[in-house]
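Please look over the sequence and the model shown below before reading the notes.

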Amino acid sequence: MYAFCISFVYLCAIINAKGMLNIPFKETTMIITVISFKGGVGKSTISQNLAVTLANEGRDVCIIDADENESSNIWYSFRDENLAAVPVFHVTNRTDMSKTINTLNSRFEIVIIDCPPAIKDTTSRAVAKSDFSIIPITPTGGSDVWATEKFLQHIELLRDRLDAPLPCYFAVNRYESNVSMHKAYLEALDAYQEQYQVGRLETIIHKRSAYGEANANGLGVVEYENPKAKKEIKELVKEIMTIMSSVTV
């Protein structure tokens with residue numbers, strides 16, 4: 001059956017009609033923001049695959065799609081209802097973002113925010129409310145470096161304004177081990193890690209057609225047929241959850 005995505009308006013209607021969402025109450029919620037100021041680096045792909053992997057492990061997880069392009073929202077419209085549940089809430093307004101996070105907080109174990117590639121109040125609010133931010137980055141050259149540095153400068157301003165650590169980690173995506181520039185790019189990230197107090201996830205996501213093929217069918221790669229993609233996404237989730245367990249203590 002054709003799946004549907006829950007918009008913020010529909011979310012409010014449910015709350016107004018029933019007083020609360022029909023979702024089991026959770027004592028704590030982990031909020032993860034996936035963000036970059038450069039488009040096409042894999043924010044939605046990583047958000048979707050994290051959510052699907054966690055859902056298949058029995059976690060109550062949802063995605064907030066904060067991008068006007070609605071990539072995760074559209075992906076979910078192709079997702080079969082018999083698969084592990086990954087509700088998607090489309091929210092692009094700063095005020096609605098705060099309300100949605102507050103509503104979903106303690107009703108899901110994990111909320112993943114798929115952010116737009118821009119400096120907006122919405123993205124700042126998402127990062128400020130998150131326990132942990134993932135910065136997807138593709139090792140393709142100067143434009144990625146410049147966009148990343150601009151984002152990290154913005155994070156520094158937010159840290160100062162909020163007097164909060166705002167933990168952030170690079171996630172290397174579409175990596176090709178046989179490309180010498182990609183290896184050099186990883187070394188160049190070290191300078192940013194030290195200067196801006198940002199980590200780098202050890203698990204690297206490689207360039208694989210399986211990610212695009214799974215996405216086109218409303219799937220995550222753990223539900224698809226590529227064992228290498230499955231393995232690296234499971235390793236990425238394990239690494240993130242290990243970090244999150246220390247961040248949220």
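The numbered points below go from the whole protein to single parts of it.

1. On the basis of these notes: this is a predicted model, in which local features need pLDDT of at least 70 and side-chain atom pairs count only at pLDDT 80 or more, while totals for chains, interfaces and linings use all residues. Residues are numbered from 1 along each chain as its sequence is written, and side-chain values use heavy atoms, with hydrogens and water left out.

2. On the overall make-up: the protein holds nine helices and eight strands, where helices (H or I, at least four residues) and strands (E, at least two) are DSSP runs numbered from the N terminus. Of the 249 residues, 52% are buried; here buried means under 20% relative accessible area, exposed means over 50%, and partly exposed lies in between (1.4 Å probe, protein chains only).

3. On contacts and surface: if we take the contacts between residues at least 6 apart in sequence, 77% of them join residues at least 24 apart, a contact being heavy atoms within 4.5 Å. The protein exposes about 11700 Å², and carbon and sulfur atoms supply 49% of that area, as computed by the Shrake-Rupley method with a 1.4 Å probe, where for residues only the protein chains shown count as cover.

4. On strand β3: because five of its five residues are buried, β3 is largely enclosed by the rest of the structure. Val61, Ile63 and Asp65 point one way from the strand, whereas Cys62 and Ile64 point the other way.

5. On the neighbours of β3: five bridges join β3 to strand β5 (residues 110–114), with the two running parallel, and Cys62 has Val111 as its bridge partner in β5. Three bridges join β3 to strand β4 (residues 88–90), again in parallel, and there the bridge partner of Ile63 is Val88. Two strands are said to pair if DSSP finds at least two bridges between them. The chain crosses from β3 through α3 to β4 in a right-handed β-α-β crossover, which is to say that, with the strands pointing away from the viewer, the path from the first strand over the helix to the second runs clockwise.

6. On helix α2: this helix (residues 43–56) has 14 residues and reaches 20 Å from its first C-alpha to its last, close to the 20 Å expected at 1.5 Å a residue, the expected span being 1.5 Å times one less than the number of residues. Twelve of the 14 residues of α2 are buried, so that the helix is mostly covered; among them are Ile46, Leu50 and Leu54. Just after α2, Gly58 takes a positive phi of about 95 degrees.

7. On two residues with positive phi: Glu70, which is not a glycine, has a positive phi of about 60 degrees and sits in the loop between β3 (61–65) and α3 (71–77). Gln197, also a residue other than glycine, has a positive phi near 55 degrees and is found in the loop between α7 (180–196) and β8 (199–200). Glu70 is partly exposed because its relative accessible area is 28%, whereas Gln197, at 59%, counts as exposed.

8. On Thr103: this residue lies in helix α4 (residues 94–104) and counts as buried because its relative accessibility is 16%. The side chain of Thr103 reaches the backbone oxygen of Lys99 at 2.8 Å.

Key: A polar contact is a pair of N or O atoms within 3.5 Å; within protein, one must be able to donate a hydrogen and the other to accept it, and residues adjacent in sequence count only if both atoms are side-chain atoms.
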